[in-house]
Amino acid sequence: MRVITFGTFDLFHYGHLRLLERAKALGDHLIVGVSTDALNFEKKGRYPVYSQEERRAIVAAIRHVDETFYEESLEKKRDYILEHKADILVMGDDWKGKFDDLADICRVVYLPRTPSVSTTAIIEKIVKKQ
Ligand code: C2G
């Protein structure tokens with residue numbers, strides 16, 4: 001089974017690792033769409049701390065990950081799924097219900113987020129020097 005997931009993966013942390021580990025366990029080939037810097041700016045009004053090249057290189061080096069590509073638009077999920085012949089779409093449950101319309105071309109699975117860890121919390125911790 002080919003599994004696909006998407007994310008920014010900025011300041012790669014334990015929550016990201018756990019997501020990729022559980023996504024891979026649902027199949028045998030894991031494809032990850034790493035969002036571009038431009039997509040992040042469009043979405044959040046700021047650029048990630050790490051560049052898209054750095055974020056993609058880190059994700060590609062994780063042993064659960066078999067393939068990576070750049071996610072350039074949130075609206076292109078259907079195209080990416082078809083292009084990569086994915087059987088299962090995995091998203092964190094912060095996106096719960098948002099991609100149910102894709103169930104006609106693949107299985108859609110929302111995985112619970114790992115509690116108490118986020119890129120934003122890490123940035124705040126560093127800024128406060130706690
Ligand atoms: N994640 C998690 N637990 C956390 C933090 C993140 O399981 N504590 C998961 C998210 O649910 C997501 C993945 O790790 O599935 C990557 O997280 P982000 O980089 O925050 O991804 P995001 O910016 O939500 O992706 O098409 C989606 C876009 O690419 C946006």
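1. The model under review is predicted. With a relative accessible area of 12%, Thr-119 is buried, since buried means under 20%. Leaving aside residues up to four places away in sequence, Thr-119 is in contact with Asp-10, Leu-11, His-13 and His-16.

2. Leu-11, one of those contacts of Thr-119, sits in the loop that runs between β1 (2-7) and α1 (14-25). Its relative accessibility is 14%, and Leu-11 therefore counts as buried. The backbone of Leu-11 deserves a check by the reader: its phi is near 50 degrees, a positive value in a residue other than glycine.

3. Lys-85 also has a phi near 50 degrees, again positive in a residue other than glycine. Is Lys-85 buried or exposed? Lys-85 is exposed, its relative accessible area being 62%. Lys-85 is placed in the loop between α4 (77-83) and β4 (88-92).

4. The sheet is open and has five strands in the order β3-β2-β1-β4-β5, paired in parallel. β3 (67-71) and β5 (107-111) are the edge strands; each has a single partner strand, so one side of each lacks a neighbour in the sheet. From one strand to the next, the twist averages 25 degrees. Helix α3 packs on this sheet and touches β2 (29-35) and β3, and the direction of α3 makes about 155 degrees with that of β3.

5. The pairing of β4 with β5 can be followed residue by residue. These two strands run parallel and are joined by five bridges. Val-90 has Val-109 of β5 as its bridge partner, and Met-91 is partnered by Tyr-110, likewise in β5.

6. Seven salt bridges are found in a search of the whole structure. In one of them, the side chains of Arg-2 and Glu-67 meet at 4.0 Å, N to O. Because Arg-2 lies in strand β1 and Glu-67 in strand β3, this pair ties together parts that are 65 residues apart in sequence. Arg-2 is partly exposed at a relative accessible area of 26%, and Glu-67 is partly exposed at 29%.

7. A further salt bridge joins the side chains of Asp-66 and Lys-24, at 3.0 Å from N to O. The two residues are 42 apart and connect distant parts of the chain, Asp-66 being in the loop between α3 and β3 and Lys-24 in helix α1. Asp-66 has a relative accessible area of 38% and is partly exposed, whereas Lys-24, at 18%, counts as buried.

8. Glu-71 and Lys-77 form a salt bridge as well, their closest N and O atoms being 3.0 Å apart.

9. On the surface, Val-49, Tyr-50 and Ile-58 make up a nonpolar patch, and together they have about 230 Å² of accessible area. Tyr-50 is located in the loop between α2 (37-44) and α3 (52-61). Its relative accessibility is 30%, so Tyr-50 counts as partly exposed.

Technical notes. Residues are numbered from 1 along each chain as its sequence is written. This is a predicted model: local features need pLDDT of at least 70, side-chain atom pairs count only at pLDDT 80 or more; totals for chains, interfaces and linings use all residues. Side-chain values use heavy atoms; hydrogens and water are left out. Patches are made of residues with over 30% relative accessible area and no salt bridge: like charges are joined within 9 Å, nonpolar side chains (Val, Leu, Ile, Met, Phe, Trp, Tyr) within 5 Å. Accessible areas come from the Shrake-Rupley method with a 1.4 Å probe; for residues, only the protein chains shown count as cover. Helices (H or I, at least four residues) and strands (E, at least two) are DSSP runs, numbered from the N terminus. Buried means under 20% relative accessible area, exposed over 50%, partly exposed in between (1.4 Å probe, protein chains only). Two strands pair if DSSP finds at least two bridges between them. Axes are lines fitted to C-alpha atoms, for helices over the stretch in contact, and angles run from 0 to 180 degrees between N-to-C directions. Contact means heavy atoms within 4.5 Å.
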